[in-house]
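My notebook is open and the viewer is running. Here is what I looked up, entry by entry.

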Amino acid sequence: MMKITSLIIAFSALILLSFNTKNTFISDTLQVQNNPENQNRKSLDFFVIGDWGEANLIQQQVANAMAFEAAKNPIDFIISVGDNFYPHGVRSINDKKWENTFENVYADSNLITDWYTAIGNHDYQGNVGAQLRYHKKNPRWKTTERYFSFKKSIPQSKDSVLFVFIDTNPFDKWVGLFTGGNWRHSKKKQLLWLENVLQASKEKWKIVVGHHPLYTTGIRRGQTADIQAAFLAAFEKHQVDVYFSGHDHSLQHQKPAGHTHYFVSGAGSESRGVTIDSSMTKFAKKDHGFIQAELTKDNLEIKFINANNKDLYHTTISK
Ligand SMILES: [Zn+2]
């Protein structure tokens, strides 16, 4: 009996310990997350999905494809580039959409991991504050601020990667035409914060995530001047390696002149047409899907995978 009791105590302590190490996320601060589970991993693995909040069959098919890939190659976390709930965000942390559009869709055990989410224009049509408080109900939802940063250590190395999530909505003049919610936050304050975060970074890799693209050849082509004006100079000055966005419902890799690679992954529940700009388009496709990313100290491998688990495009960024 004693043996069983001490086993139970040891097991509970183990669970508590792993729970604590998984919840070291501190927004607006810069701490390397040293996950002991990483010691056996060869890379930092994550998905990037966006514009998923339609609660339709396509969303479930993409979720199933994600679960299939994550079963083969386990992931450390998931990035959402926003438009988490259509058409009007959520009303509260008890809104039924949390179950119908998030919990019940990404329910596979391989997708029960940390979700870091940007805020999209459709999220601003509802209660953004509820999206920043939902972590109290389910800590799997990591976002507690409109913009935040965190670091992750890269397995099998002493290097780390900086992730910076920005709120692009206040910078997009189109947002105001459709959004009833309070999206008019200080642009100056956020840009100063971004400059400080990037300036202080010593990480080998720098990845920024936001909802609106700086470059796109989807239906928003020609509408990104405001977003470029706000962020392009900082990305180049601080040599941001990759910017992940959504908003356009397609899968894209754009590489204009300069350092940063631009990926659009806004096809989590709908897909719309794309064009090609020969000066920068490496890949652009109207299809449903997501990005599978694998980071080692020298390489970031990016794969676009569709709802049928077809590998649509594969590229490696090395440094
Ligand atoms: Zn959007």
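Where is histidine 249 found? I traced the chain and located histidine 249 in the loop between β8 and β9. Strands here are DSSP runs of E with at least two residues, and helices are runs of H or I with at least four, both numbered from the N terminus.

**Ground rules.** I am working with a predicted model, where local features need pLDDT of at least 70, side-chain atom pairs count only at pLDDT 80 or more, and totals for chains, interfaces and linings use all residues. Residues are numbered from 1 along each chain as its sequence is written.

**Entry: overview.** I listed 7 helices and 14 strands in the protein. Of its 319 residues, 45% count as buried. A residue is buried with 20 or more other C-beta atoms within 10 Å of its own, exposed with 12 or fewer, and partly exposed in between, with C-beta atoms placed from the backbone. I also looked at contacts, meaning pairs whose C-beta atoms, placed from the backbone, lie within 7 Å. Among contacts between residues at least 6 apart in sequence, 72% join residues at least 24 apart.

**Entry: the annotated site.** I checked UniProt, whose unreviewed entry places a "binding site" feature at Asp51, Asp83, Tyr86 and His249. UniProt positions are in the numbering used here, the feature name is shortened, and annotations may be inferred rather than shown by experiment. These positions spread over 199 residues of sequence, yet they cluster in space, with a largest C-alpha distance of 13.2 Å.

I went back to histidine 249 and found that this residue counts as buried, with 26 C-beta neighbours inside 10 Å. Leaving aside neighbours within four places in sequence, histidine 249 is in contact with Asp51, Gly266, Ala267, Glu270, Ser271 and Arg272.

Next I took aspartate 83, in the loop between β3 and α3. Aspartate 83 is buried, with 30 other C-beta atoms within 10 Å. Not counting residues up to four places away in sequence, its contacts include Asp51, Asn121, His122, Asp123 and His211.

Entry: As a reminder to myself, most residues other than glycine have a negative phi, and most peptide bonds are trans. I found a cis peptide bond between tyrosine 86 and proline 87, with omega about -15°. Proline 87 sits in the loop between β3 (77–80) and α3 (97–103).

Is histidine 247 buried or exposed? I counted 29 other C-beta atoms within 10 Å, so histidine 247 is buried. Its phi is positive, about 75°, although it is not a glycine, and its place is the loop between β8 and β9 (251–254). Glutamine 239 also has a positive phi, about 55°, without being a glycine. I placed glutamine 239 in the loop between α7 (225–237) and β8 (242–245), where it is partly exposed, with 13 other C-beta atoms within 10 Å.

**Entry: the sheet.** I followed 6 strands that form an open sheet in the order β4-β3-β2-β12-β13-β14, with mixed pairing. Two strands pair if DSSP finds at least two bridges between them. β4 (114–117) and β14 (311–318) stand at the edges with a single partner strand each, so one side of each has no neighbour in the sheet. The twist averages 20° from one strand to the next; axes are lines fitted to C-alpha atoms, for helices over the stretch in contact, and angles run from 0 to 180 degrees between N-to-C directions. β2 and β3 run parallel, joined by 4 bridges, and phenylalanine 46 has phenylalanine 77 in β3 as its bridge partner.

**Entry: helix α2.** I saw α2 packing on the sheet, touching β2, β12 and β13, at about 25° to the direction of β12. Which residues of α2 are buried? They are Gln59, Val62, Ala63, Ala65, Met66, Glu69 and Ala70. Seen down the axis of α2, the buried residues fall within an arc of 160°, so they line one face of the helix; the arc is that of the directions from the helix axis to the C-beta atoms. The face turned away from that buried side carries the exposed residues Leu57, Ala71 and Lys72.

Entry: I stopped at aspartate 76, in the loop between α2 and β3. Aspartate 76 counts as partly exposed, with 19 C-beta neighbours inside 10 Å. Beyond its neighbours within four places in sequence, aspartate 76 is in contact with Leu44, Asp45 and Phe46.

Conventions:
Contact = placed C-beta atoms within 7 Å.
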